[in-house]
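Please keep the 3D view open as you read, and take the points in order.

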Amino acid sequence: MSSKKDSELAKPAKSRFSRRGFLGGMGVGTGALGTGLLEREAVAAPPANVSGPAAVPITLNINGKPTKLTVEPRVTLLDALRNHLDMTGAKRVCDRGTCGACTVILSGKTVYSCSVLAIDAQGKDIQTIEGLGANNPVSTAFVNNDAQQCGYCTPGFVMAAKGFLDHHPNPTMDDVKNGLGGNLCRCGTYMGVRKAVLEAAKGMKGVKNG
Ligand code: FES
Ligand code: FES
């Protein structure tokens, strides 16, 4: 016959660290919702006005025309133009802000459209190669100076040249070389491109955003 003292001794020692207490401290378990880890995650949750991940309606001002489309917030301006609006002038080559094939003009500045989110381009003036028209002085100068071979980089170069000339109407050859340094041509048509930009500079005198 065991004494009371013996039965108490037989029970496992009661830990100060119970499972319930442990889970509670970790923010896990029904009794712990709203505390611990879950509470911290709730505090860190994004505010309700954050868009996505589902597609959202946006409006882009492209070549002077408000254009409505629905895209996921992760979609780049380049993909919005090419895949959602069938505007395939800007080319996707590196897709990481290196080659310039995707160049467009955003509120007066040349940008790599592969590195701008479409949703962030709202409220800005977007100029693409499609908006320049066939007989604009820059494209004409490219043709006159044989400034393309495969032509894949050419729309990006034309937009880079347009953006450059809008701010530097009287460039030297060195200015052009530096100003278009963000665009690459795998066919090596750089000399033709530079001569074309110098010729376009003459043709663009007095032409603003044309
Ligand atoms: S595709 Fe955008 S920089 Fe190359
Ligand atoms: S003309 Fe071919 S990549 Fe430039």
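Not counting residues up to four places away in sequence, which residues does Thr88 touch? The first point takes that up, and the later ones move on to other parts of the chain.

1. Let us start with Thr88. This is a predicted model, and in it Thr88 touches Arg82 and Glu130, once residues up to four places away in sequence are set aside. Thr88 sits in the loop between α4 and β3. From Thr88 to Glu130 is a step of 42 residues in sequence, while their C-alpha atoms are 8.7 Å apart in space. Thr88 counts as partly exposed because its relative accessibility is 38%, and partly exposed covers the range between under 20% for buried and over 50% for exposed.

2. Now step back to the chain as a whole. The secondary structure comes to 8 helices and 5 strands. Reading from the N terminus, the order of elements is α-α-α-β-β-α-β-β-β-α-α-α-α. The chain has 210 residues, and 36% of them are buried. Consider also the contacts between residues at least 6 apart in sequence: 55% of these join residues at least 24 apart.

3. What covers them? Just after α4 comes Asp86, whose phi is positive, at about 60 degrees.

4. Leu69 gives you a view from strand β2 (residues 65-71), where this residue is placed. Is Leu69 buried or exposed? Leu69 counts as buried, because its relative accessibility is 9% and the limit for buried is under 20%. Leaving aside neighbours within four places in sequence, the contacts of Leu69 are Val56, Pro57, Ile58, Leu60, Ala80, His84 and Leu85. Val56 lies 13 residues from Leu69 along the chain, with 8.3 Å between the two C-alpha atoms.

5. Two packed helices are described by the angle between their axes and the distance between the axes. Take α5 (residues 137-144) and α8 (residues 190-203): their axes are 8 Å apart, at an angle of about 135 degrees. α5 is therefore oblique to α8, and their crossing is right-handed. From α5, the residues that take part are Pro137, Val138, Ala141, Phe142 and Asn144, and they meet Val193, Ala196, Val197, Glu199, Ala200 and Gly203 of α8. Sorted by class, this contact holds 8 nonpolar, 2 polar and 1 charged residues.

6. Helix α5 also packs on α6. Here the axes come within 9 Å and cross at roughly 125 degrees, which means that α5 is oblique to α6. This crossing of α5 and α6 is right-handed. On the α5 side you will find Val138, Ser139 and Phe142, and on the α6 side Thr154, Phe157, Val158, Ala161, Lys162 and Leu165. The contact of α5 with α6 has 6 nonpolar, 2 polar and 1 charged residues.

7. What about α6 and α8 themselves? Their axes lie 11 Å apart, and the packing angle is about 40 degrees, so α6 and α8 are oblique to each other. α6 passes α8 in a right-handed crossing. Phe157, Ala161, Phe164 and Leu165 of α6 meet Tyr190, Val193, Val197, Ala200 and Ala201 of α8. Which classes are present in this contact? There are 9 nonpolar residues, with no polar and no charged ones.

8. Finally, look at the rings. How many aromatic pairs does a search of the whole structure find? The search finds 1. The partners are Phe157 and Tyr190, in an edge-to-face arrangement with 6.3 Å centre to centre and 75 degrees between the planes. The pair links distant parts of the chain, with Phe157 in helix α6 (residues 154-167) and Tyr190 in helix α8, 33 residues apart. Phe157 is buried, with a relative accessible area of 2%, whereas Tyr190 counts as partly exposed, at 28% relative accessibility.

How values were computed: Residues are numbered from 1 along each chain as its sequence is written. Chains are lettered from A and ligands numbered from 1 in the order in which they are written. This is a predicted model: local features need pLDDT of at least 70, side-chain atom pairs count only at pLDDT 80 or more; totals for chains, interfaces and linings use all residues. Side-chain values use heavy atoms; hydrogens and water are left out. Axes are lines fitted to C-alpha atoms, for helices over the stretch in contact, and angles run from 0 to 180 degrees between N-to-C directions. Helices (H or I, at least four residues) and strands (E, at least two) are DSSP runs, numbered from the N terminus. Angles under 35 degrees count as roughly parallel, over 145 as roughly antiparallel, 65 to 115 as roughly perpendicular and the rest as oblique. A crossing is left-handed if the near helix is turned anticlockwise from the far one by less than a right angle, and right-handed if clockwise. Contact means heavy atoms within 4.5 Å. Ala, Val, Leu, Ile, Met, Phe, Trp, Tyr, Cys and Pro count as nonpolar, Asp, Glu, Lys and Arg as charged, and the others, Gly among them, as polar. Rings of Phe, Tyr and Trp (its six-membered ring) pair if their centres lie within 6.5 Å; planes under 30 degrees apart count as stacked, over 60 as edge-to-face and the rest as tilted. Buried means under 20% relative accessible area, exposed over 50%, partly exposed in between (1.4 Å probe, protein chains only).
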